Structure formats: C-alpha cells, structure tokens
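Please look over the structure shown here before reading the notes below. They are grouped by topic and meant for use beside the 3D view.

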Amino acid sequence: MTQKVAVLGTGKIGEALLSGMIRGGWAPSDLLVTARRQERAEQLRTRYGVEAVSNAEAAKAADTLILTVKPQDMGSLLAELAPHVPADRLVISGAAGIPTAYFEERLAPDTPVVRVMTNTPALVDEAMSVISAGTHATAAHLTLTEEIFSTVGKTLRVPESQQDAATALSGSGPAYFYFLVEAMTDAGILLGLPRDKAHDLIVQAAIGAAVMLRDSGEHPVKLRENVTSPAGTTINAIRELENHGVRAALIAALEAARDRSRELASGTG
C-alpha cells in the first residue's frame with residue numbers, strides 16, 4: 001500500500017483495525033498511531049512495529065486519518081488537528097452519532113470526510129462497518145475506506161441519513177445478542193443445567209443459527225418455521241415470547257437507540 005494511514009486515539013477498536021490492516025497488506029512503515037498515554041503508544045509501537053507520533057505529527061504526515069476517539073473527545077481532537085490538516089487529507093470518523101458536517105465545519109474547506117459505524121466484532125474480524133460519504137468524499141475515498149475496514153469484517157455503504165438506524169441495528173447490535181445469551185443462560189440454570197453447559201449450548205446454537213442465516217439464503221421466518229413443529233416445544237416458547245411482547249420490546253429498544261444517536265448528532269444529549 002502506498003497510502004500512509006494514521007489511527008488516532010488507538011483503543012481496542014483502533015488496535016483491531018491496525019492489526020487487520022497489517023494482516024491485509026499494509027506495511028507497518030506506512031502506518032502511524034497516536035495514543036493518549038505514552039505507555040500505550042510504546043506498547044503499540046513494540047507490538048506492531050508502527051511509528052507512534054503526536055496528533056499534530058499524524059495530521060501532517062498521513063494521507064488518511066482514522067479518528068477512533070470517543071464522541072465526547074472529538075471536539076478537542078479536531079481543535080488540535082485543524083491547523084495541521086490540509087484539505088487533501090481523507091478524514092475517517094468512527095465516532096457514533098457525529099455527522100460528517102461536524103468535521104467539515106471544523107476542518108479546511110473541501111476536506112473529504114467519511115463516516116463509519118463499525119462494531120466490536122472487529123476484535124475477531126467479524127465486524128459490520130457501515131460507511132457514508134460526506135459532502136466532499138469521492139468514490140475513491142469510499143473505496144479506500146472499504147479496503148481499510150474490510151480487513152476486520154464486512155462493509156456496507158448507506159446514505160448518511162441512514163447512519164442512526166445502522167448504529168441502532170449494527171453498532172449496538174452485539175450487545176442485544178449478549179443480553180439475550182445472558183437471559184437464556186439464566187433460564188438454562190433455572191431448568192437445571194450447570195452454567196458452563198448452558199453457556200456452551202446457547203453459544204453454539206447462536207453460531208449455528210447465524211451461519212444458517214448467512215449461508216442458506218432462506219428468510220428468517222422460514223428458518224424458524226423449520227424448527228417449529230406443530231404442538232411442539234418451540235411453538236410453546238414462541239407463544240410465550242409473543243405473550244410477553246418481546247417483538248414489540250425489540251422494536252422499541254432499537255427506536256430508542258436510534259433516537260439517542262440522533263441526540264448525540266444534534267448535540268442535545
């Protein structure tokens with residue numbers, strides 16, 4: 001790769017992306033990292049052979065800047081970067097809820113910005129990264145962003161107007177499954193299984209179901225029906241889920257997550 005890329009604020013997701021890029025063909029000499037703590041920067045330098053620099057140095061040297069700091073820290077980071085970022089730099093934001101316009105207003109005119117909502121399965125190369133172009137980002141900028149984030153999973157382009165919905169579904173999505181597994185594990189214990197066995201049964205069921213959803217081409221309703229025998233155990237369980245409003249609760253939960261993303265974007269949260 002001829003692009004020099006800097007990952008700014010390299011936490012867990014930033015490090016996963018850094019590791020994925022190296023495995024995907026980027027040379028460590030073409031990668032820069034920044035970190036708030038010096039010991040963290042030194043750890044990354046030793047582990048990956050990349051150069052650890054200041055935020056200002058990264059802005060001056062890199063062709064592409066990937067901003068992975070928390071949303072509440074983005075304003076101060078941009079204030080630090082703005083004097084040093086030429087308009088030909090590609091800026092990729094991984095901060096939930098912050099629109100590309102926020103960056104465009106604070107950086108040099110015509111700076112290309114791409115917004116990405118990835119999720120924690122990036123840590124195991126199974127991320128879903130949702131990508132949207134800002135006003136000045138070109139098809140080439142989107143392609144480069146896809147090349148970077150495809151090293152840790154799948155990518156999907158959407159209009160920025162759909163990012164809040166994508167954040168609710170995909171960005172927060174893994175937490176919903178962990179919550180479900182936690183509840184099902186408790187149910188398994190109630191039914192008489194040891195915790196470790198209940199956990200193993202549920203996790204493998206989740207993996208198998210996910211692979212079938214991905215690879216079978218069948219609608220989830222069809223796959224559910226294949227498990228649901230007349231007057232059997234599954235239909236009794238489904239009836240209880242419907243009686244307790246689980247479907248409606250999930251829809252309400254995702255609406256709440258979307259609304260919170262909008263609040264973060266508007267600065268009212």
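The notes below cover an annotated domain, a surface patch, a pocket and the salt bridges.

This is a predicted model. The structure holds 17 salt bridges, and the second largest pocket has a volume of about 1000 Å³. An unreviewed UniProt entry places a domain at residues 160-264.

**Annotated domain**

- The UniProt record names the feature at residues 160-264 "domain: Pyrroline-5-carboxylate reductase dimerisation".
- This span is 82% helix and 0% strand.

**Nonpolar surface patch**

- Leu-241, Val-246 and Leu-250 make up a nonpolar patch on the surface.
- Together, these three residues have about 240 Å² of accessible area.
- Leu-250 belongs to helix α12, which covers residues 246-266.
- Leu-250 counts as partly exposed because its relative accessibility is 47%, and the partly exposed class runs between under 20% (buried) and over 50% (exposed).

**Second largest pocket**

- The lining of the second largest pocket consists of 42 residues.
- Gly-9, Thr-68, Val-69, Lys-70 and Pro-71 are the lining residues that lie nearest the centre of this pocket.
- Helices α1 (12-23), α4 (74-81), α7 (163-171) and α12 each give two or more residues to the lining, as do strands β5 (90-93) and β6 (113-117).

**Salt bridges**

- Side chains of opposite charge can pair when their charged atoms come close.
- Arg-23 and Asp-125 meet through their side chains in a salt bridge, at 2.7 Å from N to O.
- Arg-23 is in helix α1 and Asp-125 is in the loop between β6 and β7 (127-133), so this pair ties together parts that are 102 residues apart in sequence.
- Asp-125 is partly exposed, at a relative accessible area of 29%.
- Arg-37 and Glu-39 form a salt bridge in which the closest N and O atoms are 3.3 Å apart.
- Within that pair, Glu-39 is exposed, with a relative accessible area of 52%, while Arg-37 is partly exposed at 46%.
- Glu-105 and Arg-106 also meet in a salt bridge, with an N to O distance of 3.4 Å.
- Glu-105 is exposed, with a relative accessible area of 63%, whereas Arg-106 is partly exposed at 36%.
- Salt bridges link Glu-15, Arg-40 and Arg-47 in a network.

Notes
Residues are numbered from 1 along each chain as its sequence is written. This is a predicted model: local features need pLDDT of at least 70, side-chain atom pairs count only at pLDDT 80 or more; totals for chains, interfaces and linings use all residues. Side-chain values use heavy atoms; hydrogens and water are left out. UniProt positions are given in the numbering used here, feature names are shortened, and annotations may be inferred rather than shown by experiment. Helices (H or I, at least four residues) and strands (E, at least two) are DSSP runs, numbered from the N terminus. Patches are made of residues with over 30% relative accessible area and no salt bridge: like charges are joined within 9 Å, nonpolar side chains (Val, Leu, Ile, Met, Phe, Trp, Tyr) within 5 Å. Accessible areas come from the Shrake-Rupley method with a 1.4 Å probe; for residues, only the protein chains shown count as cover. A salt bridge is a side-chain nitrogen of Lys or Arg within 4 Å of a carboxyl oxygen of Asp or Glu. Buried means under 20% relative accessible area, exposed over 50%, partly exposed in between (1.4 Å probe, protein chains only). On a 1 Å grid over the protein atoms alone, a cavity is a set of points where a 1.4 Å probe fits but cannot get out, and a pocket is an open set with protein on both sides within 12 Å along at least five of seven lines; lining residues have an atom within 4 Å of a point. Grid points are joined across faces, edges and corners, and a volume is the space filled by probe spheres set on the points.
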